[in-house]
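Please read the following report alongside the coordinates.

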Amino acid sequence: MTLVYNQLFKKDHRKELRNRMTKAEVYFWNLVQGRAIDGIKFRRQFSIDQYILDFYAPSIKLAVEIDGGYHDLPEVQEYDKRREDHIRSYDITFLRFSNDDLFQDQDGVVVRLRARIAEFNSDSLPLLTKEGG
């Protein structure tokens, strides 16, 4: 299998993006860094194939995108859909938050994030048998 995660030739670009995060991205990063939400580790500017995700939690295969107003443009929505469809082919799920979500409803963002983590955790539990296994 070809290496698709954090390819070396994109390292400088990822670093540049981390150094130029938007205010909303910084705000989200402050919420999740250091495993602050349910012990889940998030990475900033994580690449998969030709795409760079805003945030990625490898242990639960969750991509989090922070969308500014330009994501409302039809051509950007079309690009986002193609990009998301490609990344979903690796069994990665997405959560999208707008800048407004982060600045106006931080609690709602955390609730949605925790719900997704809980959903992953419940999907990962082994099935119990009558024998107690």
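## Basis of the description

This is a predicted model, in which local features need pLDDT of at least 70 and side-chain atom pairs count only at pLDDT 80 or more, whereas totals for chains, interfaces and linings use all residues. Residues are numbered from 1 along each chain as its sequence is written, and side-chain values use heavy atoms, with hydrogens and water left out.

## The sheet and a helix across it

An open sheet is formed by 4 strands in the order β1-β2-β3-β4, with mixed pairing; β1 and β4 are the edge strands, each of which pairs on one side only. Two strands are taken to pair if DSSP finds at least two bridges between them, and helices (H or I, at least four residues) and strands (E, at least two) are DSSP runs numbered from the N terminus. On average, and with direction ignored, neighbouring strands of this sheet are turned by 45° against each other. In general, strands of a sheet pair through backbone hydrogen bonds, either parallel or antiparallel.

Strands β3 and β4 run parallel and are joined by 6 bridges, and isoleucine 66 stands opposite phenylalanine 97 in β4. Helix α1 (residues 11–19) lies across β1 and β2, running at about 150° to β1; for such values, axes are lines fitted to C-alpha atoms, for helices over the stretch in contact, and angles run from 0 to 180 degrees between N-to-C directions.

## Salt bridges

A search of the whole structure finds 9 salt bridges, each defined as a side-chain nitrogen of Lys or Arg within 4 Å of a carboxyl oxygen of Asp or Glu. One of them joins aspartate 67 to arginine 96, with the closest N and O atoms 2.9 Å apart. This pair links distant parts of the chain, since aspartate 67 belongs to strand β3 (residues 62–67) and arginine 96 to strand β4 (residues 93–98), 29 residues apart. Aspartate 67 is buried at a relative accessible area of 12%, where buried means under 20%, exposed over 50% and partly exposed in between (1.4 Å probe, protein chains only).

Arginine 96 also meets glutamate 84 in a salt bridge between their side chains (2.9 Å, N to O). Because arginine 96 lies in strand β4 and glutamate 84 in helix α3, the pair ties together parts that are 12 residues apart in sequence. Glutamate 84 is buried, with a relative accessible area of 14%, and a network of salt bridges links Asp67, Glu84, Arg88 and Arg96.

A further salt bridge pairs arginine 82 with glutamate 78, the closest N and O atoms being 3.4 Å apart. Both residues lie in helix α3 (residues 74–88), 4 residues apart, or about one turn of the helix. Arginine 82 counts as partly exposed at 45% relative accessibility, while glutamate 78, at 52%, counts as exposed.

## Positive phi in two loops

Which phi does lysine 61 have, given that it is not a glycine? Lysine 61 has a positive phi of about 50°, and it is found in the loop between β2 (51–57) and β3. At 30% relative accessibility lysine 61 counts as partly exposed, and it touches Tyr56, Tyr90, Asp91, Ile92 and Thr93, not counting residues up to four places away in sequence, contact meaning heavy atoms within 4.5 Å.

Arginine 35, which is not a glycine, has a positive phi of about 60°. Arginine 35 is found in the loop between α2 (23–32) and β1 (43–48).
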